Amino acid sequence: MDQQSLTLSPSAAARVAAIAEKQGKPPILRLSVEGGGCSGFQYRFGLADAPDAEDLVAETDGVKLVVDPISLDLVNGCVVDFVESLGGAAFRVENPNAAAGCGCGSSFSV
């Protein structure tokens, strides 16, 4: 996994830390990819208790972003950010592997 990378932005790390603290969990965000959504694949986010042995782990400001090997093939090189706008607040994945995405940003195709 030497050539594979993920980045968790400082704003996303701060948001994960705040959510984890409220829920009494460790600050570990799991990003996974599932089939579905309007563009073929969709991102799933959730707090994890611990990284799995085969996960790729990226860390920013003490917060970990973990991705399983199967999902990693689809999100390698991505940046996970947290953005707030008039339309709301959400985690956003900037994925260099996505050939197309949907308007809401929660699904993509390769």
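Reply: One cut-off before we start: buried means under 20% relative accessible area, exposed means over 50%, and partly exposed is in between. Also, this is a predicted model.

Me: Which side chain does Glu94 meet in a salt bridge?
Reply: That of Arg92, at 2.9 Å from N to O. Arg92 is partly exposed, with a relative accessible area of 37%.

Me: And what does Asp81 form with Arg92?
Reply: A salt bridge, with the closest N and O atoms 3.5 Å apart. Asp81 is in strand S6 (residues 79-85) and Arg92 in strand S7 (residues 88-94), so the pair ties together parts that are eleven residues apart in sequence. Asp81 counts as buried, at 15% relative accessibility.

Me: How do S6 and S7 pair?
Reply: In the antiparallel sense, over seven bridges. They form a hairpin with two residues between them.

Me: Which residue of S7 does Val83 stand opposite?
Reply: Val83 stands opposite Ala90.

Me: Back to charges. How many salt bridges are there in the structure?
Reply: Five. One of them joins Asp55 and Arg30, whose side chains meet at 2.6 Å, N to O.

Me: Where do Asp55 and Arg30 lie?
Reply: Asp55 is in the loop between strand S3 (41-47) and strand S4 (56-60), while Arg30 is in strand S2 (residues 28-35), so this pair ties together parts that are 25 residues apart in sequence.

Me: Are those two buried or exposed?
Reply: Asp55 and Arg30 are both buried.

Me: Switching to Asn95. Where is Asn95 found?
Reply: In the loop between S7 and strand S8 (100-101). Asn95 is buried, with a relative accessible area of 12%.

Me: What does the side chain of Asn95 reach?
Reply: The backbone oxygen of Leu74, at 2.9 Å.

Me: Now the backbone. What is the phi of Asp61?
Reply: Positive, about 50°, although Asp61 is not a glycine. Most residues other than glycine have a negative phi.

Me: Where is Asp61 placed?
Reply: In the loop between S4 and strand S5 (63-67). Asp61 is exposed, with a relative accessible area of 65%.

Me: How many aromatic pairs does a search of the whole structure find?
Reply: Two. Ring pairs link Phe45, Phe82 and Phe91 into a cluster.

Me: Last topic, the helix. Where is Ala17 found?
Reply: In helix H1 (residues 10-23). Ala17 counts as partly exposed, at 29% relative accessibility.

Me: What is Ala17 in contact with, leaving aside its neighbours within four places in sequence?
Reply: Pro27 and Val63. Ala17 and Val63 are 46 residues apart along the chain, and their C-alpha atoms are separated by 6.6 Å.

Key. Residues are numbered from 1 along each chain as its sequence is written. This is a predicted model: local features need pLDDT of at least 70, side-chain atom pairs count only at pLDDT 80 or more; totals for chains, interfaces and linings use all residues. Side-chain values use heavy atoms; hydrogens and water are left out. A salt bridge is a side-chain nitrogen of Lys or Arg within 4 Å of a carboxyl oxygen of Asp or Glu. Helices (H or I, at least four residues) and strands (E, at least two) are DSSP runs, numbered from the N terminus. Buried means under 20% relative accessible area, exposed over 50%, partly exposed in between (1.4 Å probe, protein chains only). A polar contact is a pair of N or O atoms within 3.5 Å; within protein, one must be able to donate a hydrogen and the other to accept it, and residues adjacent in sequence count only if both atoms are side-chain atoms. Two strands pair if DSSP finds at least two bridges between them. Rings of Phe, Tyr and Trp (its six-membered ring) pair if their centres lie within 6.5 Å; planes under 30 degrees apart count as stacked, over 60 as edge-to-face and the rest as tilted. Contact means heavy atoms within 4.5 Å.
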